[in-house]
2 protein chains.
Amino acid sequence: MASDAQSVPHYGDRLASAVRRRASAIAVGLDPDPTQLWPGADTATPGASAADAASDAVTAHCRRVLDAVAPACVAVKLQSASFERLGAPGVRSREQVADHARDLGLLVILDAKRGDIDVSARAYAQAAFDGIETPWGPVAGSASDAVTVAPYMGRDSIQPFVDAGRPSGGGAYVLVRTSNPGAADLQERTGASGEPFWSLTARIVAELGDDAVDAHDGLTPVGAVVGATAPDRLERLRELMPRTPFLLPGVGAQGGRVEDLAAAFAPGPGAALITASRSIVGAFRESGGDPADAARRAAEQLRATASRLG
Amino acid sequence: MASDAQSVPHYGDRLASAVRRRASAIAVGLDPDPTQLWPGADTATPGASAADAASDAVTAHCRRVLDAVAPACVAVKLQSASFERLGAPGVRSREQVADHARDLGLLVILDAKRGDIDVSARAYAQAAFDGIETPWGPVAGSASDAVTVAPYMGRDSIQPFVDAGRPSGGGAYVLVRTSNPGAADLQERTGASGEPFWSLTARIVAELGDDAVDAHDGLTPVGAVVGATAPDRLERLRELMPRTPFLLPGVGAQGGRVEDLAAAFAPGPGAALITASRSIVGAFRESGGDPADAARRAAEQLRATASRLG
């Protein structure tokens with residue numbers, strides 16, 4: 001659509017194509033807790049360190065989850081914290097899981113919520129996307145399709161992710177109105193203009209997105225994280241960010257209802273992804289039976305519900 | 001002072017003691033760029049991957065910097081982004097550098113600017129502090145003395161760091177008014193009450209700190225990142241957060257002047273740490289000569305200037 005024929009399509013276009021192709025707007029969330037893995041994930045080699053054994057089990061668990069649910073999904077959202085707490089082996093596990101997700105045709109969203117001054121934001125963006133040239137040769141990045149970014153430090157802490165994503169068609173989802181109760185503490189405070197703070201952030205996200213693409217139709221590569229727990233905010237958020245891809249956490253365990261999210265989906269395929277973690281991966285704890293079967297059913301059900309929204 | 005005799009002193013007390021003991025309020029910042037290491041850092045084993053070779057060189061470089069400047073410093077601030085872009089080997093390098101800093105008697109501040117919903121914030125806090133129990137045994141955390149935290153998601157995204165730090169006397173520095181130009185985009189916006197946004201954040205930080213300790217004197221374990229580039233904000237920030245340890249980036253390369261920071265230091269030892277990275281590690285690029293000698297001189301000079309402030 002908007003992209004130069006010579007170059008990789010930008011994230012907004014890639015996302016829209018992927019959602020159409022897979023007929024799904026679901027991003028399965030993986031936030032593995034080593035004490036809550038699916039039965040049978042333990043593949044430890046005797047003598048491995050606890051960090052290595054736990055990381056290998058996490059990888060095996062995540063691969064099994066992805067094998068079960070990938071057909072119902074368009075993306076995976078990797079909660080970086082869950083992997084990082086296992087140290088260097090955990091980071092290796094995160095990369096292995098991302099590779100497996102790509103093999104299954106999924107987009108990979110690195111949920112890392114990074115944000116720092118420009119030079120450090122560039123380093124985080126190198127880690128998330130294409131890596132870095134060193135005197136010892138190129139070091140690969142995570143090759144993520146998108147990464148979540150925190151906005152408190154302002155435009156110059158977000159822009160490096162937009163710039164670094166461009167060559168490979170990667171995008172950024174900026175926290176705008178999050179799904180947790182603490183969102184009330186700062187995001188919901190009202191500015192002098194009468195606007196809530198999330199609205200100021202939304203304007204910045206829309207501007208960064210418009211600046212990032214030439215075309216005036218379609219989605220931009222700069223997305224927004226918008227909690228499904230505050231559906232009354234969605235219409236206004238969509239108005240402020242008409243071309244912005246939304247990532248919608250908070251469905252299921254956190255209380256959000258898919259039926260309330262129609263405004264997010266209005267611009268068309270890719271305009272919104274629903275992300276669900278515990279309600280898919282832990283579905284067997286409620287339903288009983290095989291974890292993979294229960295996860296597949298939960299993901300398919302979520303996909304079907306979402307598909308009625310646009 | 002405030003702590004129960006049975007338990008580890010909290011971060012505010014540990015910080016004050018360390019600043020007194022070392023007669024320094026300087027935190028050297030390490031944000032290694034593999035293309036800008038000190039000459040001679042290359043220790044690559046033949047056949048090592050680029051990520052391993054670059055990470056080993058980064059470790060060697062950082063150890064040499066620390067050996068040179070530790071006597072003038074009380075802490076090291078590790079910019080996590082710089083290590084993470086080297087993947088799992090980079091995370092291992094970060095741990096090795098932290099170990100070396102501890103051997104030299106420095107506090108370790110993990111500059112990671114994490115922030116996420118409660119369950120994920122707990123995972124990041126496990127990574128930064130004491131690690132996690134797994135079915136394969138305990139996996140160690142980074143054993144940091146403090147970690148930087150982003151506030152956009154509110155209290156419930158910060159509290160897990162305060163809670164997880166308690167057993168080992170670890171603290172958190174919350175971004176309040178940062179040193180970059182982008183700080184104007186959101187932090188400097190005015191709320192309906194007429195207060196700038198950084199002031200709302202400062203109130204939350206002060207409350208979390210007061211809640212974290214019983215005693216009504218001394219520093220709290222919940223700190224604030226306050227850019228040295230906005231010295232006109234310092235007096236008000238100190239008023240809003242009278243017992244909060246400040247971490248002051250932005251001196252040197254970013255334009256902040258130590259002489260303008262007296263208000264931050266007023267409450268006494270530990271009340272403020274000045275962090276400087278490029279102006280210490282890269283001092284030889286201006287002065288010429290041996291990188292270690294130039295770094296030592298720059299750190300000693302910064303220590304002397306800061307010591308006149310309180």
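Two strands count as paired here if DSSP finds at least two bridges between them. Helices (H or I, at least four residues) and strands (E, at least two) are DSSP runs, numbered from the N terminus. With that in hand, S6(A) and S7(A) are joined by 4 bridges and run parallel. A:Val149 stands opposite A:Val174 in S7(A). The chain gets from S6(A) to S7(A) by way of H6(A), and this β-α-β crossover is right-handed; that word applies if, with the strands pointing away from the viewer, the path from the first strand over the helix to the second runs clockwise.

A bit of housekeeping: this is a predicted model, where local features need pLDDT of at least 70, side-chain atom pairs count only at pLDDT 80 or more, and totals for chains, interfaces and linings use all residues. Residues are numbered from 1 along each chain as its sequence is written, while chains are lettered from A and ligands numbered from 1 in the order in which they are written.

**The barrel in chain A**

S6(A) and S7(A) belong to a closed barrel of 8 strands with parallel pairing, in the order S1-S2-S3-S6-S7-S8-S9-S10 (chain A). On average, neighbouring strands of this sheet are turned by 30° against each other, direction ignored. (Axes are lines fitted to C-alpha atoms, for helices over the stretch in contact, and angles run from 0 to 180 degrees between N-to-C directions.) Helix H6 (residues 155–165) of chain A packs on the sheet, where it touches S6 (146–149), S7 (171–177) and S8 (222–226) of chain A. The direction of H6(A) makes about 150° with that of S7(A). Contact between two residues means that their C-beta atoms, placed from the backbone, lie within 7 Å.

| Strands | Bridges | Residues standing opposite |
|---|---|---|
| S1(A) and S2(A) | 4 bridges | A:Leu30 and A:Leu78 |
| S1(A) and S10(A) | 3 bridges | A:Val28 and A:Ala276 |
| S3(A) and S6(A) | 3 bridges | A:Leu110 and A:Val147 |

**What is covered**

A residue is called buried if 20 or more other C-beta atoms lie within 10 Å of its own, exposed if 12 or fewer, and partly exposed in between, with C-beta atoms placed from the backbone. By that count, 5 of the 5 residues of S1(A) are buried. A:Ile26, A:Val28 and A:Leu30 point one way from the strand, A:Ala27 and A:Gly29 the other way. In a regular strand the side chains alternate between the two faces of the sheet. S6(A) is likewise covered on both faces, with A:Ala146 and A:Thr148 buried on one side and A:Val147 and A:Val149 on the other.

Over in chain B, helix H6 (residues 155–165) is mostly covered, with 9 of its 11 residues buried. Among them are B:Arg155, B:Gln159 and B:Phe161. The cover over the buried residues of H6(B) includes H1 (11–22), H5 (118–128), S6 (146–149), S7 (171–177), H7 (197–212) and S8 (222–226) of chain B.

Chain B also has a closed barrel of 8 strands with parallel pairing, running S1-S2-S3-S6-S7-S8-S9-S10 (chain B). Helix H12 (residues 291–307) of chain B packs on this sheet, touching S1 and S10 (272–276) of chain B. The direction of H12(B) makes about 145° with that of S1(B).

**How the two chains sit together**

The same surface serves both copies, since 100% of the contact residues of chain A recur in chain B.

How many residues of chain A are in contact with chain B? The count is 63, facing 63 residues of chain B. Elements that each supply at least two residues of chain A's side include H2, H4, H6 and S4. H5(A) gives the largest share, 6 residues. By class, this side of chain A has 33 nonpolar, 19 polar and 11 charged residues. For that tally, Ala, Val, Leu, Ile, Met, Phe, Trp, Tyr, Cys and Pro count as nonpolar, Asp, Glu, Lys and Arg as charged, and the others, Gly among them, as polar.
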